[in-house]
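Here is a friendly briefing to read alongside the sequence and the 3D view. Take it one topic at a time.

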Amino acid sequence: MPLITYREAIKQALDEEIQRDENVCIMGEEVAEYNGAYKVTEGLWAKHGDKRVIDTPISEAAFSGLAIGASMLGIRPVIEMMFMSFSYVAIDQLFNNASFCRYMSGGLMNVPIVVRGPANGGTSVGATHSHTIEYMVANHPGLKVVCPSNAYDAKGLMKAAIRDNDPVFVMENTLLYGEQWEVPEEEYIVDLGVANILKEGTDMTIISHGRCAMLSLEAAKTMEETHDISVEVVDLRSIRPLDEETILNSVKKTGRALLVEENKPYCGVDAQISHLIQLKAFDYLDAPVHRVSSIDAPTIYAKPLEDWQIPNQERIIAMAMKLMA
Amino acid sequence: MATTKKKSAPPTKKPQSFLDAPINKQLSKEDKLQLYRMIVGIRRFEERSLRAYNQGKIGGFLHLYIGQEAIAAGVVSLMEENDHIITAYRDHGHALAVGMSMNECMAEMYGKYTGCSKGKGGSMHFFAPDKNYWGGHGIVAGQTPLGAGLAFALKYKGLKGCAIAFLGDGAVNQGSFMETLNLVSLWNIPVVFVIENNGYSMGTSLKRSSAEENLAHRADGFDIAWEVCDGHDAFEVREVADRAMKRAREEHKPFLLEIRTYRYRGHSVADANHEKYRTKEEIEEYKRTKDPINLIKSQLLADGTLTEALAKKIDQEKKDEAEASAKFAEDSPYAPREEIQTDVYWEVDNDADNKLKGSYFFND
């Protein structure tokens, strides 16, 4: 099976969907002639032209709203936020109009847009560029959000998102763009609402999403080799809709849950997961639900400090050991 | 169409009667009567809504279109098959103008299941996609990028049409609108922005909110054509809007049309200060000299389309229609509680085969 990068996987998804559906188009800053700030859309403008791959001025509110308005008439724009942080500039469009127009009309319309872009820190870009907003998207009924942790999921979820008739946010990660995974050549979709068990285990469950799922997997392997603890790792993949069943089955099996997220702790995704576990698997728990989030401050610039701030092996393993105690 | 670059340019000299303009001359007697009926109908509906609101039947906010009727009626009467419109929350006039019924609109304001949005939207959120009408939006200027999007889609699909996005004088100062002006000019998007300038954004006069009071003049900063006209005479509205809409459809050029109008009531009915930030004299003067119903009525009496008897009949018809809509709304049920969580996701609403996976809602 071919080994391709996360970036290449996303590009393949975009390319295939543009070819499949004439209404799909890509819009964003530097996506066309510059070939993408992170080269995700490299070559697509040369291949598909101005109508399908569109450079926008720096106007997130305007082009997000334009994309939403166009989708009401059947266009299926895939808009890029160069950083998901920039979506704040377009909050009224993305968090009001995209999520509420269907509801406020009593179901007379839908908004089939995709909003994609990197949502991560760990790159010394500072507090205003490092937001991980999946928890915020998930708090808006009407919106959907997925966080692929690897190239296989990135391609499959992106295709699912584009074909979905509701607004879907796809949270990418600049630190994952260059990493490689096996991705089949044949077409496939990864459905929304389905988590993935990255590693089976019996002593505890780590539930995570995005790049933290990969960090958790690495931590799980270390714990097995070094501490002889069998860790099951669940990668959420889809935040809203959420695969509650897989989460609960795993926790019921192991009795101990550690949640790992890059979100800041207050009302991040894991606050929701924690509530779910204690409500629906209380009798199976041998310990309280533990959590590793980013350290609760704006994202710091200095590299060693930022590396400490976002979840890392040392902090994940320390909390896991605390959970097992 | 005037694209003068002069600052604070005076409006173009008005002809004797806008009825003589070709776009209006071609109207049949029935067309003109229909326009008259629509303007009167909007007025009577708004008056009946006001009563219902004061009786406590309508909750939240009620933004009345009284005094501005000629604009929605005039512009909508020009719509062709592939033209689409969108507006903000002062949306009842536009809704009725595209052909929504008084029943579904009143029922929506009463919050009933028979409302156009099943009671999920309220006064600010009337929608009728089947009539090319896309709402009904609560955040000032939030609808302007959406309007640009509708026009973008028309061009993308190769359809000959334009989008008309209405906004108020307060909305022109929102960042989203100014961003949108740049974008539609850069991309040659066939959208006509109609600024319904009633002189006040809530309690703040034009003078106190806009550094450049000639609002349409902003278009110069984005290389967009613009024009200013009055909105009291439906035939004037038609004459000017028609040129803007044709230009958009045929040349894919955006247009900024500022229409000066007035609202008799407050920003919303809850606006208790509307006779404090304005003078009673100002309000009365407008009603006396520029009322849209009086203007169209006198023109149609003069050219023989209307008689006093017919005018009286139409007035009563519309009053009755509005009254009937209030009764319809009163008698209609609310949506059942299960409806709180429908119409959130298209996929969930259309999952008859139970293919969807995962949880979409998270109440305990």
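**A strand pair to start with**

In β11(A), A:D235 is the bridge partner of A:N196. This is a predicted model, in which local features need pLDDT of at least 70 and side-chain atom pairs count only at pLDDT 80 or more, while totals for chains, interfaces and linings use all residues. Residues are numbered from 1 along each chain as its sequence is written, and chains are lettered from A and ligands numbered from 1 in the order in which they are written.

- Helices (H or I, at least four residues) and strands (E, at least two) are DSSP runs, numbered from the N terminus.
- Two strands pair if DSSP finds at least two bridges between them.
- Strand β9 (residues 196-199) of chain A pairs with β11(A) in the antiparallel sense, over three bridges.
- Strand β10 (residues 204-208) of chain A pairs with β11(A) in the parallel sense, over five bridges, and here A:I206 has A:V233 as its bridge partner.
- β11 (residues 231-235) of chain A is mostly covered, with five of its five residues buried; a residue is buried if 20 or more other C-beta atoms lie within 10 Å of its own, exposed if 12 or fewer, and partly exposed in between, with C-beta atoms placed from the backbone.
- From β11(A), A:V231, A:V233 and A:D235 point one way, A:E232 and A:V234 point the other way, and all are buried.
- A right-handed β-α-β unit is made by β10(A), helix α7 (residues 211-227) of chain A and β11(A); right-handed means that, with the strands pointing away from the viewer, the path from the first strand over the helix to the second runs clockwise.

**Strand β7 of chain A**

- Strand β7 (residues 168-172) of chain A has five of its five residues buried, so the rest of the structure largely encloses this strand.
- A:V168, A:V170 and A:E172 point one way from β7(A), while A:F169 and A:M171 point the other way.
- β7(A) pairs in the parallel sense with strand β5 (residues 114-118) of chain A over five bridges, and in the parallel sense with strand β6 (residues 144-146) of chain A over three bridges.
- A:F169 in β7(A) is the bridge partner of A:V115, and A:V145 also stands opposite A:F169.
- From β6(A), the chain crosses through helix α6 (residues 151-163) of chain A to β7(A), in a right-handed β-α-β crossover.

**Two domains in chain A**

- Chain A is divided into domain 1 (3-182) and domain 2 (196-324); domain bounds come from an automatic or database domain assignment.
- The centres of the two domains, taken over C-alpha atoms, are separated by 26 Å.
- Domain 1 and domain 2 of chain A each give 24 residues to their contact; two residues are in contact if their C-beta atoms, placed from the backbone, lie within 7 Å.

**The nonpolar core**

- The largest nonpolar core has 209 residues, and B:I39, B:V191, B:V192 and B:L257 have the most contacts inside it.
- Such a core is a set of buried Ala, Val, Leu, Ile, Met, Phe, Trp, Tyr and Cys residues joined through C-beta atoms within 7 Å.
- Helix α2 (residues 29-54) of chain B gives the most to this core, with nine residues.
- Domain 1 and domain 2 of chain A both give residues to this core, so the core lies between them.
- In soluble globular proteins, nonpolar side chains tend to be buried together.

**Where the chains meet**

- The contact takes 41 residues from chain B and 43 residues from chain A.
- α6(B) supplies nine residues, the largest share of the side of chain B that touches chain A.

**Two loop residues in chain B**

- B:G136 is found in the loop between α5 (102-109) and α6 of chain B, and B:G136 is buried, with 29 other C-beta atoms within 10 Å.
- B:K118 also has its place in the loop between α5 and α6 of chain B, and B:K118 is buried, with 23 other C-beta atoms within 10 Å.
- B:K118 and B:T342 are 224 residues apart in sequence and 11 Å apart in space, C-alpha to C-alpha.
- Leaving aside neighbours within four places in sequence, B:K118 is in contact with A:G106, B:Y113, B:A335 and B:E339.
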